[in-house]
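Keep the structure open while reading.

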Amino acid sequence: MVDHTRESEFGFHPSACPAEERLTALIACKDMEKENKMYDEWAVYYDEDMKALGFQGYGVMGKRIAELIGNKNAKILDIGCGTGLFGVELHSLGYNNIHAADGNPNILEKSRERGVYTELKQFMLGSNLIAPYEDGAFDAVVAIAVLGPGQWITLQCRR
Ligand SMILES: C[S@@+](CC[C@H](N)C(=O)[O-])C[C@H]1O[C@@H](n2cnc3c(N)ncnc32)[C@H](O)[C@@H]1O
């Protein structure tokens, strides 16, 4: 459980920290365990931060998925789903077989609360872990803001 009333170990007070500062701290982080703890904290502010940062990715990706996948029953995996903002976008477009995965249990819980995902799984995708799904299990797999700078999986790929 994260104590949101004290200074965080990343050098900012989480409840007073603006979105950009949180994002910068995450990008600078090079340690998986720390990054995961950071997401524990960020789970609380993530949605408002994305709004504050003007992130347009959900709409853009939703539009692209709609162009590529006409079947609304298509099985779609949202990997690194975070708080489920893209699940909400897909659901609003009529998709009804959306699956979620994330390495962080606290942030995954936020996704669960959305009620738009058929199934949610917690696991950390990385160099020595095969994702716990059968080959060809999904019609589409999306990962928004998961393979970018500062993300643990990106650091692994560089090794
Ligand atoms: C910047 S957030 C993006 C969340 C969501 N896709 C969105 O766009 O709102 C990155 C998410 O990916 C998850 N994540 C990062 N590396 C991961 C990994 N190797 N395996 C599973 N989840 C990972 C984090 O826990 C976090 O929830």
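## Ligand shell

The ligand is surrounded by 20 residues, and the closest are G80, G82, G103, N104 and I144. Bear in mind that this is a predicted model.

Which helices supply the shell? Helix α4 and helix α6 (152-158) each give at least two residues to the shell around the ligand. By class, the shell holds 12 nonpolar residues, 7 polar ones and 1 charged one.

## The sheet

Strands of a sheet pair through backbone hydrogen bonds, in either a parallel or an antiparallel sense. Here 4 strands form an open sheet, and the pairing is parallel. The strand order is β3-β2-β1-β4. At the edges sit β3 (119-122) and β4 (140-142), each of which pairs on one side only. On average, neighbouring strands of this sheet are turned by 20° against each other, direction ignored.

Now take one pair. Strand β1 (residues 76-79) runs parallel to β4, and the two pair over 3 bridges. D78 stands opposite V142 of β4.

## Helices on the sheet

Two helices lie across strands of the sheet. Helix α4 lies across β1, β2 (98-102) and β4. Its direction is at about 175° to β2. Helix α5 lies across β2 and β3. The angle of α5 to β3 is also given as about 175°.

## Helix α2 against α5

Two packed helices are described by the angle between their axes and the distance between the axes. Helix α2 (residues 32-52) packs on helix α5 (residues 105-114) at an angle of about 30°, and their axes are 7 Å apart. Angles under 35 degrees count as roughly parallel, so α2 is roughly parallel to α5.

From α2, the contact takes Y39, D40 and A43. From α5, it takes N106, I107 and K110. These residues comprise 3 nonpolar, 1 polar and 2 charged.

## Helix α3 against α4

How do the axes of α3 and α4 cross? Helix α3 (residues 57-68) and helix α4 (residues 85-92) cross at roughly 45°, and their axes come within 10 Å. The two helices are therefore oblique to each other. The crossing of α3 past α4 is right-handed.

On the α3 side, the contact uses Y58, G59, M61, G62 and I65. They meet L85, F86, E89 and L90 of α4. In this contact, 6 residues are nonpolar, 2 are polar and 1 is charged.

## Helix α1 against α2

Helix α2 also meets helix α1 (residues 19-28). Their axes come within 9 Å and cross at roughly 145°. Here α1 passes α2 in a left-handed crossing.

Which residues of α1 meet α2? They are A19, R22, A25 and L26. Facing them in α2 are E35, M38, W42, Y45, D49 and A52. The contact of α1 with α2 divides into 7 nonpolar and 3 charged residues, with no polar ones.

Helix α4 supplies residues to the ligand shell, lies across β1, β2 and β4, and meets α3. Helix α5 packs with α2 and lies across β2 and β3. Helix α2 has contacts with α5 and with α1.

Terms used: Residues are numbered from 1 along each chain as its sequence is written. This is a predicted model: local features need pLDDT of at least 70, side-chain atom pairs count only at pLDDT 80 or more; totals for chains, interfaces and linings use all residues. Axes are lines fitted to C-alpha atoms, for helices over the stretch in contact, and angles run from 0 to 180 degrees between N-to-C directions. Angles under 35 degrees count as roughly parallel, over 145 as roughly antiparallel, 65 to 115 as roughly perpendicular and the rest as oblique. Two residues are in contact if their C-beta atoms, placed from the backbone, lie within 7 Å. Ala, Val, Leu, Ile, Met, Phe, Trp, Tyr, Cys and Pro count as nonpolar, Asp, Glu, Lys and Arg as charged, and the others, Gly among them, as polar. A crossing is left-handed if the near helix is turned anticlockwise from the far one by less than a right angle, and right-handed if clockwise. A residue is near a molecule or strand if its C-beta atom, placed from the backbone, lies within 6 Å of it. Two strands pair if DSSP finds at least two bridges between them.
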